[in-house]
Amino acid sequence: MAEMTAQPLIRRLCVIGVGLIGGSLARALREKGEVAEVVGCGRNQDNLRAAVELGVVDRYDTDPARAVADADMVVVAVPLGAIEPVVRAIVSHLAAEAVITDVGSAKGSVVADIERIYGRIPANFVPGHPIAGTEKSGVEASFATLFQKRRVILTPLAETAASAHQRVKRMWELTGAEVIDMGVRHHDAVLAATSHLPHMLAYTLVDTLARLDDRAEIFRYAAGGFRDFSRIASSDPKMWHDICVANREQLLEMIALFGADLERLAAAIRNDDRAAILNTFERAKRARDNLYLD
Ligand code: NAP
């Protein structure tokens, strides 16, 4: 662990949900010496004990109300469906100066949860979403460099205090991430297209193939392309269930758009429209080649 700086950014960090994201954030801040104490919170004692043994947190409490005591930064890193009950449990136990943020993969649902709990948007709440992750879960999958050179989107609201926004921005910058602000609805539309739809496609493709009679043979001959495409179907089903429910409208729009394009490709194949098939693939290859340099 790095030397503690004279005045770390965070005096006491409480991470509720010490998994891949919460654990990686705690690790990165500890490595930078920018947090004096980390308190973990969750339901599973084995995971929390592992978090202490791995040096990710200093101590833990399974009671969120106790865990947030005197914390100046609270990061809610649980699946989207658990955010409302978790925040409800901590609201009246937060320190006066506490800033609260989350890492949920959809933002509209989180903002609605917070509004339901408080009856308004509190000034110390800063919605956030790191655009980084793997298909693995739990503290053992966490690592300090997860956010390096990745983006973190914050969706501050009109009610968000500039000081709270700045603290959360600085916290993520310390992990090596580039921090970007975005509107809540825009975030959910962009993520529906770039992350949520691809996960739906991967899950559905693997599920379709896994239910074929000759699935054993199909998977035996699956090559690298299938491995690449299907990797994200290993992601946590509960987490993705929650994302589908949370970003329902925007995701349905993208599924409809994709469904229409897939049907157009099927029609081109059915009608032996070779130009249309080739056009589609050429357009896609151009777009993909311009996107990444791999
Ligand atoms: P994870 O590795 O499964 O960690 C989530 C942690 O939350 C678990 O360790 C779990 O610990 C705790 N938890 C679950 N339900 C809880 C509840 N009801 N009350 C308290 N704690 C609970 O998942 P993750 O990948 O870090 O995802 C966490 C959040 O980050 C999600 O909201 C997800 O949308 C978002 N996110 C994920 C990724 C990604 O690629 N994985 C990327 C960006 C954002 P216990 O079992 O001990 O309760």
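Guide: Let us begin with exposure: a residue is buried under 20% relative accessible area, exposed over 50%, and partly exposed in between, with a 1.4 Å probe and protein chains only. The model is a predicted one, in which local features need pLDDT of at least 70 and side-chain atom pairs count only at pLDDT 80 or more, while totals for chains, interfaces and linings use all residues. Residues are numbered from 1 along each chain as its sequence is written, and side-chain values use heavy atoms, with hydrogens and water left out.

Visitor: Is Asp70 buried, partly exposed or exposed?
Guide: Asp70 sits in the loop between α3 (64-67) and β4; helices (H or I, at least four residues) and strands (E, at least two) are DSSP runs, numbered from the N terminus. Its phi is near 60 degrees, a positive value in a residue other than glycine. Most residues other than glycine have a negative phi. With a relative accessible area of 41%, Asp70 is partly exposed.

Visitor: In which loop is Asp272 placed?
Guide: Asp272 is not a glycine, although its phi is positive, at about 55 degrees. Its relative accessible area of 45% makes Asp272 partly exposed. The place of Asp272 is the loop between α11 (248-270) and α12 (274-291).

Visitor: In what order do the six strands of the open sheet lie?
Guide: Two strands pair if DSSP finds at least two bridges between them. The edge strands, each pairing on one side only, are β3 (59-60) and β6 (125-126). The pairing is parallel, and the order is β3-β2-β1-β4-β5-β6.

Visitor: Which residue of β5 is the bridge partner of Val75?
Guide: Strand β4 (residues 73-76) pairs with strand β5 (residues 99-102) in the parallel sense, over four bridges. Within β5, the bridge partner of Val75 is Thr101.

Visitor: How many disulfides does a search of the whole structure find?
Guide: A disulfide is a pair of cysteine sulfur atoms within 2.5 Å. The cysteine sulfur closest to that of Cys14 belongs to Cys41 and is 5.8 Å away, so it is too far for a bond. Cys14 is buried at 0% relative accessible area, and Cys41 also counts as buried, at 2%. The number of disulfides found is zero.

Visitor: How far from an oxygen atom of the ligand does a polar side-chain atom of Ser105 lie?
Guide: Among the 26 residues around the ligand, those that come nearest are Arg43, Asn44, Val78, Ser105 and Gly138; a residue is near a molecule if one of its heavy atoms lies within 4 Å of it. A polar backbone atom of Ile21 is 2.9 Å from an oxygen atom of the ligand, and a polar side-chain atom of Asn47 lies 3.5 Å from one. For the polar side-chain atom of Ser105, the distance is 2.7 Å.

Visitor: Which element gives the largest share of the shell around the ligand?
Guide: The shell residues divide into 13 nonpolar, twelve polar and one charged. Here Ala, Val, Leu, Ile, Met, Phe, Trp, Tyr, Cys and Pro count as nonpolar, Asp, Glu, Lys and Arg as charged, and the others, Gly among them, as polar. The largest share, three residues, comes from α4.

Visitor: How far apart in space are Asp46 and Val206?
Guide: Asp46 lies in helix α2 (residues 45-53) and is exposed, with a relative accessible area of 53%. In sequence, Asp46 and Val206 are 160 residues apart. From C-alpha to C-alpha, their separation in space is 31 Å.

Technical notes. Polar contact = N/O pair within 3.5 Å; in protein donor to acceptor, adjacent residues only side chain to side chain.
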